[in-house]
Amino acid sequence: MNGKIALITGSSRGIGASVAMRLAQDGYDIVVNYLERQDKAQEVLQMIHSLGRRGIAVQADVSDRRQVEAMFQAARDQLGEISLLVSNAGIAGQAQIQDLTEERWKRFFAVNVDGAFHTVQCALPNMLHEHRGCIITISSMWGLRGASCESAYSATKAALIGFTRSLANELAPTGIRVNCIAPGVIDTDMLDELPPGVKDTLADETPLRRLGRTEDIAAAVSFLASEEASFITGQVLTCDGGFIV
Ligand code: NAP
């Protein structure tokens, strides 16, 4: 049987990077995945190594099935089989529906939804073989309540919730748990896309009166992946400072 090996998509920066480091602290060896920022992925990798864990950084666009398959093969060859998948890579952006191009709509779904599909399908054969494993998807509170000018993003994040719940039902008899985290507004590069001032407004609108930290989401992932959560599957854990109650 393999040890604890986690693959976190989109872990060169932001939430994924914090999740990678937290899971390394929890004793996992880590596959860091990135799209373009190899420099940032290497920084995360160095921190993982400094924690005494093994790790590799793999470039792969999660929307591309063959690249995802190659990433899993590299993980298998260099670390072992994946026991924890965190499907985190995602893209966001604002546009009024009439200005949203079909190309942009499709790209949102390709990365945010197809990416989860590809990585889950690649992780499952070994999890099914071992009758254990854990999958955590990263949705968004906007997938639960919808966001003005973010219809494509919100639709992908709602799709992830349906995907998670269905998978949890399907896989429960095999011992594999599938859960979802729906973050609120988390202070990462993703917020750079927002118009000036919106970040402060969102912090004010958050009942706990602050933006979320990437470590807040990493702590939630750590819990859902842990033995303490061994009776929890099919859940959507909002981690949003009280935005959705
Ligand atoms: P971020 O800071 O923009 O980082 C995005 C990460 O995803 C980077 O590591 C990026 O790699 C990677 N990535 C982007 N497209 C990819 C692709 N096609 N294939 C593989 N990797 C890709 O984002 P974040 O704020 O940490 O968000 C992470 C997740 O949390 C996303 O799913 C997002 O929707 C969700 N979320 C975020 C917030 C928030 O307020 N920040 C709230 C709710 C949910 P490179 O570094 O190589 O570009």
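Colleague: What should I know about the model before we start?

Modeller: It's a predicted model, so local features need pLDDT of at least 70 and side-chain atom pairs count only at pLDDT 80 or more, while totals for chains, interfaces and linings use all residues. Residues are numbered from 1 along each chain as its sequence is written, and side-chain values use heavy atoms, with hydrogens and water left out.

Colleague: Why is the pair of tryptophan 105 and phenylalanine 109 called tilted?

Modeller: Rings of Phe, Tyr and Trp (its six-membered ring) pair if their centres lie within 6.5 Å; planes under 30 degrees apart are stacked, over 60 edge-to-face, and the rest tilted. There are two aromatic pairs in the structure. For tryptophan 105 and phenylalanine 109 the centres are 5.1 Å apart with 35° between the planes, so the pair is tilted. Both residues lie in helix α4 (residues 102-130), four residues apart, about one turn of the helix. Helices here are DSSP runs (H or I, at least four residues), as are strands (E, at least two), numbered from the N terminus.

Colleague: What makes tryptophan 105 partly exposed?

Modeller: Buried means under 20% relative accessible area, exposed over 50%, and partly exposed in between (1.4 Å probe, protein chains only). Tryptophan 105 has 34%, so partly exposed is the label. Phenylalanine 109, at 23%, gets that label too.

Colleague: And why is the pair of tryptophan 142 and phenylalanine 243 edge-to-face?

Modeller: Their ring centres are 5.9 Å apart and the planes sit at 70°, so edge-to-face it is. Tryptophan 142 lies in helix α5 (residues 142-145) and phenylalanine 243 in the segment after β7 (236-239), so the pair ties together parts 101 residues apart in sequence. Tryptophan 142 and phenylalanine 243 are both buried.

Colleague: How do you know that arginine 65 sits over the ring of phenylalanine 117?

Modeller: The rule wants NZ of Lys or CZ of Arg within 6 Å of the ring centre and within 35 degrees of the ring normal. The charged end of arginine 65 is 5.9 Å from the centre of the phenylalanine 117 ring. Lysine 4 lies over the face of tyrosine 28, 4.6 Å from the ring centre.

Colleague: What makes lysine 40 and glutamate 43 a salt bridge?

Modeller: A side-chain nitrogen of Lys or Arg has to be within 4 Å of a carboxyl oxygen of Asp or Glu. Lysine 40 and glutamate 43 come in at 3.6 Å, N to O, so they count. They are three residues apart in helix α2 (residues 38-50), so about one helical turn separates them. Lysine 40 is partly exposed at 27%, and so is glutamate 43 at 39%. The structure holds 13 salt bridges, among them glutamate 102 with lysine 106, at 3.0 Å.

Colleague: Why is glutamate 102 called exposed?

Modeller: Its relative accessible area is 55%, so glutamate 102 passes the cut-off for exposed.
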